[in-house]
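Please consult the sequence and structure shown here.

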Amino acid sequence: MKLCMIGTGYVGLVSGTCFADIGNQVICVDKDKNKIENLNLGKSPIYEPGLDELIKKNFSAKRLIFTTDLKKAITTSDIIFICVGTPSKKGSSKVDLSFVFKCVKEILRYTKRKKILVTKSTVPVGTGDQIEKILKKKKKLFNVISNPEFLREGEAIRDFRYPDRIVIGSDDTKIFNTMKKLYAPLINKGSKYFTTTRRGAELIKYASNAFLATKITFINEIANLCEKSGVPVEDISLGIGSDSRIGSRFLRAGPPYGGSCFPKDTKGLVHAAEKFNVNLSVVKSVIQSNNNRVTLLINRIHKILGKNIKNKKISFLGVTFKPNTDDMRDSSSLKMIPYLSKKGAKLNYYDPSGPKKEFSKIKNCFFKNNIKETCKNTDLIILLTEWDEFKSIDFKRLFNNKKLKIFDLRNIYNIIDMKRNKIKYYSVGRPDIN
Ligand code: NAD
């Protein structure tokens with residue numbers, strides 16, 4: 001099939017490349033000239049395991065094209081996927097749909113024959129109806145449908161190839177067969193093909209993200225109780241997660257949820273519900289609890305290092321919101337590092353995805369090239385992101401620092417090992433080793 005992906009970010013680039021890999025002709029368009037130039041030189045703008053190789057393979061096979069020429073991309077395609085960002089509006093919980101609507105207006109300008117117009121971007125319930133309003137008189141030329149994306153950064157290719165479900169929302173049931181053909185290679189490998197109304201698909205995406213955010217926030221609050229009551233939070237996760245009605249995933253205590261989706265989607269869902277006069281009080285309190293969590297972690301840092309942290313050396317291992325991605329959007333490091341710098345701490349950080357422009361202007365904050373340099377003579381190591389290379393560090397051999405303190409926000413180290421090595425060790429929802 002001939003496909004066009006508008007927006008070549010995490011979703012558009014990964015899904016476009018994977019669609020090409022299952023035999024489709026795909027044009028990826030972006031308004032960012034630099035991004036497209038780099039892609040045409042074989043350089044991916046994002047860090048995503050396995051993506052570079054897959055882009056090269058499909059680019060060489062001429063199934064995958066990168067362009068800024070929207071007109072050409074639209075006129076030559078049968079199915080157009082909108083994959084642009086849907087962030088929160090500045091200072092508001094409302095979803096900024098301006099990128100989506102701008103795309104729709106451009107699509108309208110260049111369309112002369114029938115097309116399927118798919119929103120892959122996460123959009124509030126009722127957005128498809130608004131898109132149809134923009135299309136006005138040419139509405140009959142389009143089937144406006146919703147096909148939300150569920151891939152996770154860091155595991156995006158696997159998630160695209162083996163999704164738990166493919167959700168297609170349309171009020172015209174004839175479209176379901178066409179979309180089923182497009183996704184047949186994945187459905188044949190066992191992925192569930194689920195059809196619903198357009199509004200249904202739009203809401204499924206928001207409800208999924210809000211539910212997962214709720215699970216994380218729930219276990220984070222339980223971890224607070226575990227710390228006070230002396231119960232290891234992993235026992236609780238295992239004990240409740242073994243109940244198939246609850247499920248074991250997303251029950252790992254740690255920092256507040258972050259990333260490009262959960263924070264904005266929980267807020268967007270609350271706002272969308274208010275438009276229908278519905279009060280989503282559970283989601284609201286999840287947002288509140290998550291916002292409070294950075295303060296809680298900062299208080300623990302003060303508990304470990306004392307009230308005055310001026311000139312204390314603090315080393316961050318990992319600053320992205322999760323491993324295997326370079327995405328910094330809403331990572332808790334964006335709040336913790338500036339706070340600690342303001343209090344006079346001296347900060348080093350290392351992240352396998354490289355230095356971050358977000359910290360380039362932060363006082364006394366430096367990127368180091370490896371774990372050893374980052375943690376040299378440090379007062380406290382903060383493990384923020386659980387990249388694989390941090391999982392088996394031999395702290396005792398590497399640092400020979402008798403006063404070594406570690407604050408492990410992901411609970412990746414073994415308490416007994418830390419005790420044996422006489423390392424002062426603090427984690428989340430588990431007893432401190434002082
Ligand atoms: P992104 O910011 O990485 O990419 C968006 C791209 O769209 C940018 O490259 C931007 O230049 C381009 N763009 C914006 N307006 C354009 C226009 N008019 N014409 C051409 N290009 C344009 O965003 P993302 O992370 O890929 O997210 C896209 C959507 O998918 C969002 O709605 C998001 O919520 C949703 N989503 C994201 C993820 C994820 O893990 N990142 C997962 C599932 C769903």
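The sections below treat the basis of the model, the ligand and the cavity.

## Basis of the model

The model is predicted: local features need pLDDT of at least 70, side-chain atom pairs count only at pLDDT 80 or more, and totals for chains, interfaces and linings use all residues. Residues are numbered from 1 along each chain as its sequence is written, and side-chain values use heavy atoms, with hydrogens and water left out.

## The ligand and its shell

Among the 26 residues around the ligand, those that come nearest are D30, K35, T86, E153 and K264; a residue is near if one of its heavy atoms lies within 4 Å. The shell comprises nine nonpolar, eight polar and nine charged residues, with Gly counted as polar. Its largest share, three residues, is provided by α5.

A polar contact is a pair of N or O atoms within 3.5 Å. An oxygen atom of the ligand lies 2.9 Å from a polar backbone atom of T122. A nitrogen atom of the ligand is 3.3 Å from an N or O atom in the side chain of S260. Of the 830 Å² of accessible area that the ligand has on its own, the protein covers 90%, by the Shrake-Rupley method with a 1.4 Å probe.

## The cavity

A cavity is a set of points on a 1 Å grid over the protein atoms alone where a 1.4 Å probe fits but cannot get out; lining residues have an atom within 4 Å of a point. The count comes to one cavity of 30 Å³ or more.

The lining of the largest cavity includes S121, T122 and E202. Helix α10 (residues 198-229) gives the most to this lining, with three residues.

Conventions. Polar contact = N/O pair within 3.5 Å; in protein donor to acceptor, adjacent residues only side chain to side chain. Helix = DSSP H or I, 4+ residues; strand = E, 2+ residues; numbered from the N terminus. 1 Å grid on protein atoms, 1.4 Å probe; cavity = no way out; pocket = protein on both sides within 12 Å on 5 of 7 lines; lining within 4 Å. Points joined across faces, edges and corners; volume = space filled by probe spheres on them.
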